[in-house]
Amino acid sequence: ACELYHNHSKALDTTAEGIRVFDSDAANVQVELHDSSGYTGGVYGVGTNFGLLDKSGNWKVKTYENAQVELYHHTTKTFETASYGVTVTGELRSTDDIRIQSSYPRLYLTDTDNNNNYSLINNNGNFLIYDDTNNGFRMRIDGTTGTANMHWIPAANNSYDLGSTSYRWRNIYTNDLHLSNEGHSNEVDG
């Protein structure tokens, strides 16, 4: 084993596993990394926590014993582990599929401006758009049937069709039917 001292205090020693760094004058310890151009970053330890610093001394990775791990972009925390999973601050982008797997997969869409919050849910093969604010589904698709629990209104007047000349609805079941064919003649097949 080899030992190095600074001001009569052990600063570094070697072991069969590698090296150990000590700082007896402070509550923290830092290992600086240098290349030919100078300081490039470091490993920093405080108590039972440690992390990685960039060249400017900003955190890049922070770890806490028996707790979270934090990742930083520049000086902003963007990723943090927690007992329930992870928290991502900012956009989450993927170059491939994003999969949510569980017995009740649910994606929460929470509006931070106090508007209605929604979820996308797969409930036993039923796809739901769920209104979390008002506790009710707005649309359900079970593979063969779609159910709406809301009014359907076109985004613009006299601009959109229901069906086409090739693909028509077979039957319409209604309690009351209000039709307007202004500027055209009406024709009903009997």
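**Notes on charged pairs, a hairpin and a pocket**

1. Start with E3: its relative accessibility is 41%, so E3 counts as partly exposed, because that label covers values between the 20% and 50% cut-offs. Keep in mind as you look around that this is a predicted model.

2. What does the side chain of E3 meet in a salt bridge? Its partner is K10, with 3.4 Å from N to O. K10 has a relative accessible area of 26%, so K10 is partly exposed too. If you wonder why such pairs turn up, side chains of opposite charge can pair when their charged atoms come close.

3. Now look at D13 and R20. They form a salt bridge in which the closest N and O atoms sit 2.8 Å apart. Is D13 buried or exposed? D13 is buried, because its relative accessible area is 3% and the cut-off for buried is under 20%. R20, at 43%, is partly exposed.

4. E91 has a relative accessible area of 62%, so E91 is exposed. R93 is exposed as well, at 69%; both labels follow because exposed means over 50%. How many salt bridges does the structure hold? The count is nine.

5. Next, the strands. Strand β2 runs over residues 9–15 and strand β3 over residues 18–21, and the two pair in the antiparallel sense over four bridges. How many residues lie between β2 and β3? There are two, and the strands form a hairpin. To find the pairing by eye, go to T15, whose bridge partner in β3 is G18. A handy thing to know while you trace the strands: in a regular strand the side chains alternate between the two faces of the sheet.

6. Last, a pocket. The second largest pocket has a volume of about 300 Å³. Which residues line the second largest pocket? They are W152, I153, P154, A156, N157, N158, S159, Y160, D161, L162, S180 and E182. Sorted by class, that lining has six nonpolar, four polar and two charged residues. As for how empty space gets found, rolling a probe the size of a water molecule over the atoms shows where it is left.

Note on methods:
Residues are numbered from 1 along each chain as its sequence is written. This is a predicted model: local features need pLDDT of at least 70, side-chain atom pairs count only at pLDDT 80 or more; totals for chains, interfaces and linings use all residues. Side-chain values use heavy atoms; hydrogens and water are left out. A salt bridge is a side-chain nitrogen of Lys or Arg within 4 Å of a carboxyl oxygen of Asp or Glu. Buried means under 20% relative accessible area, exposed over 50%, partly exposed in between (1.4 Å probe, protein chains only). On a 1 Å grid over the protein atoms alone, a cavity is a set of points where a 1.4 Å probe fits but cannot get out, and a pocket is an open set with protein on both sides within 12 Å along at least five of seven lines; lining residues have an atom within 4 Å of a point. Grid points are joined across faces, edges and corners, and a volume is the space filled by probe spheres set on the points. Ala, Val, Leu, Ile, Met, Phe, Trp, Tyr, Cys and Pro count as nonpolar, Asp, Glu, Lys and Arg as charged, and the others, Gly among them, as polar. Two strands pair if DSSP finds at least two bridges between them.
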